[in-house]
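This report describes the packing of helices in a single protein chain. The sequence and the structure are shown first.

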Amino acid sequence: MEQVYAQIRRGCEALSRLIDEESTELVDVDAADELPNFEFRCHTSTLLLEAGLPEKAITVLKSLMAENDEVVQIWYLLGCAHQTIGSNEIAKEYWEQAMEMLKAVKQGLDEEMDEAELQECGAQMEEISSRLENLGEGD
């Protein structure tokens, strides 16, 4: 049990260093290996956004993107974070990429006829479309 707590502590310390140092790249492989798992960091970035800390969320999200750039949620959240700090053009780019990824997913789901996933994908596409429209109105 002590080993589990030590691992959790090391992971939290690594995540804290990532956020506090505002590094945009994970160059130290050992430091990257100490970070908490992907899902935990994804949830942390969402909490940082909700807490009004978009710059710190961007740092965490970029660490996630360095690990796997094929997760729609990361692109979507990066768009949200950039919109929050007023970088609307960058937000638009992230959301457009998320939309393209969702279109590809939807096409695959259409072929498989998975209704629940298809509805979820459609809802995500509507959310991004709405944000893009609102962004266009703000210009």
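## Burial and geometry of helix H5

In H5, the buried residues (under 20% relative accessible area, with exposed over 50% and partly exposed in between, using a 1.4 Å probe and protein chains only) are Val72, Ile74, Trp75, Tyr76, Leu77, Leu78, Gly79, Cys80, Ala81 and His82. Burial thus covers 10 of the 13 residues of H5. The model is predicted, with local features requiring pLDDT of at least 70 and side-chain atom pairs pLDDT 80 or more, while totals for chains, interfaces and linings use all residues. Residues are numbered from 1 along each chain as its sequence is written, and side-chain values use heavy atoms, leaving out hydrogens and water.

Helix H5 comprises residues 72-84; at 1.5 Å a residue its 13 residues should span 18 Å, and the separation of 19 Å between its end C-alpha atoms agrees with this. The expected span is 1.5 Å times one less than the number of residues. Just after H5, Gly86 adopts a positive phi of about 90°.

## Chain overview

The chain contains seven helices and zero strands; helices (H or I, at least four residues) and strands (E, at least two) are DSSP runs numbered from the N terminus. Of the 139 residues in the chain, 35% are buried. Among contacts (heavy atoms within 4.5 Å) between residues at least 6 apart in sequence, 53% join residues at least 24 apart.

## Helix H3 against H5

Helix H3 (residues 38-50) packs on H5 at an angle of about 25°, and the two axes are 11 Å apart. Axes are lines fitted to C-alpha atoms, for helices over the stretch in contact, and angles run from 0 to 180 degrees between N-to-C directions. H3 and H5 are therefore roughly parallel; angles under 35 degrees count as roughly parallel, over 145 as roughly antiparallel, 65 to 115 as roughly perpendicular and the rest as oblique. The crossing of H3 and H5 is left-handed, meaning that the near helix is turned anticlockwise from the far one by less than a right angle, whereas clockwise would be right-handed.

H3 contributes Phe38, Cys42, Ser45, Thr46 and Leu49 to this contact, and H5 contributes Gln73, Ile74, Leu77, Cys80, Ala81 and Thr84. By class, the contact of H3 with H5 has seven nonpolar, four polar and no charged residues. Ala, Val, Leu, Ile, Met, Phe, Trp, Tyr, Cys and Pro count as nonpolar, Asp, Glu, Lys and Arg as charged, and the others, Gly among them, as polar.

H3 and helix H4 (residues 54-67) pack at about 155°, with axes 8 Å apart. This angle makes H3 roughly antiparallel to H4. The residues in contact are Phe38, Arg41, Cys42, Ser45, Leu48 and Leu49 of H3 and Pro54, Lys56, Ala57, Val60, Leu61, Ser63, Leu64 and Glu67 of H4. They comprise nine nonpolar, two polar and three charged residues.

H4 and H5 also pack at about 155°, with axes 9 Å apart, which makes H4 roughly antiparallel to H5. Here H4 supplies Pro54, Ile58, Leu61, Lys62, Leu64 and Met65, and H5 supplies Ile74, Trp75, Leu77, Leu78, Ala81, His82 and Thr84. This contact of H4 with H5 has 10 nonpolar, two polar and one charged residues.

## Phe38

Phe38 belongs to helix H3. Leaving aside residues up to four places away in sequence, Phe38 touches Leu64, Glu67, Asn68, Val71 and Ile74.
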